[in-house]
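Dear colleague,

Please find below the structure that I am handing over to you.

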Amino acid sequence: MNSLKESLKEEIKDVKLSSRLVDSPVCLVSGESDPSAHMQRMMDSLGQKMPKTKRILETNPQHPIFDKRLGFEDKKCRTSLAKILYNLAVLNEGGQLDCPMPFSQLVSDLMLEA
């Protein structure tokens, strides 16, 4: 999990193991004193800009994708998969990617490597 946290240090506050995720490999949660993603979107829609806060990435260690990630010896591939997982977590919570093109390129590149 340390390499996941290191790969995403610009995007997340922390990485934690989840006992509640079943089908998803990851999800994003807010810290105790941080506003939820839903609250941030609601305030944005009302014209009240809130500072962007880093979220906590919860991981499902039982998900098979983590076995695959460990199989990647190339650091670049591991970092790419970490960024893909983060972006999937953003999309799964109803958020929007700041720039979808790099995400698309990461997915394409990783598919070529697999």
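This is a predicted model: local features need pLDDT of at least 70, side-chain atom pairs count only at pLDDT 80 or more; totals for chains, interfaces and linings use all residues.

The largest pocket has a volume of about 820 Å³. Its lining comprises 26 residues, and those nearest the centre are Lys52, Tyr86, Val90, Gln96 and Asp98. Helices α2, α4 (75-92) and α5 (100-113) each contribute at least two residues to this lining. Sorted by class, the lining residues are 11 nonpolar, 5 polar and 10 charged.

Two of the residues nearest the pocket centre, Lys52 and Asp98, also form a salt bridge with each other, at 3.6 Å from N to O. Because Asp98 lies in the loop between α4 and α5 and Lys52 in the loop between α2 and β3 (55-59), the pair ties together parts that are 46 residues apart in sequence. Both Asp98 and Lys52 are exposed.

In total, the structure holds 6 salt bridges. Among them is the one between Lys5 and Asp14, whose closest N and O atoms are 3.2 Å apart. Lys5 is partly exposed, at 35% relative accessible area, and Asp14 is partly exposed as well, at 23%. Another salt bridge joins Lys9 to Glu6, with 2.9 Å between the closest N and O atoms. Here Lys9 has a relative accessible area of 44% and Glu6 one of 46%.

Finally, Met39, Met42 and Leu46 make a nonpolar surface patch of about 280 Å². Met39 is located in helix α2 (residues 37-45) and is partly exposed, at 34% relative accessibility.

With kind regards

Key: Residues are numbered from 1 along each chain as its sequence is written. Side-chain values use heavy atoms; hydrogens and water are left out. Patches are made of residues with over 30% relative accessible area and no salt bridge: like charges are joined within 9 Å, nonpolar side chains (Val, Leu, Ile, Met, Phe, Trp, Tyr) within 5 Å. Accessible areas come from the Shrake-Rupley method with a 1.4 Å probe; for residues, only the protein chains shown count as cover. A salt bridge is a side-chain nitrogen of Lys or Arg within 4 Å of a carboxyl oxygen of Asp or Glu. Helices (H or I, at least four residues) and strands (E, at least two) are DSSP runs, numbered from the N terminus. Buried means under 20% relative accessible area, exposed over 50%, partly exposed in between (1.4 Å probe, protein chains only). On a 1 Å grid over the protein atoms alone, a cavity is a set of points where a 1.4 Å probe fits but cannot get out, and a pocket is an open set with protein on both sides within 12 Å along at least five of seven lines; lining residues have an atom within 4 Å of a point. Grid points are joined across faces, edges and corners, and a volume is the space filled by probe spheres set on the points. Ala, Val, Leu, Ile, Met, Phe, Trp, Tyr, Cys and Pro count as nonpolar, Asp, Glu, Lys and Arg as charged, and the others, Gly among them, as polar.
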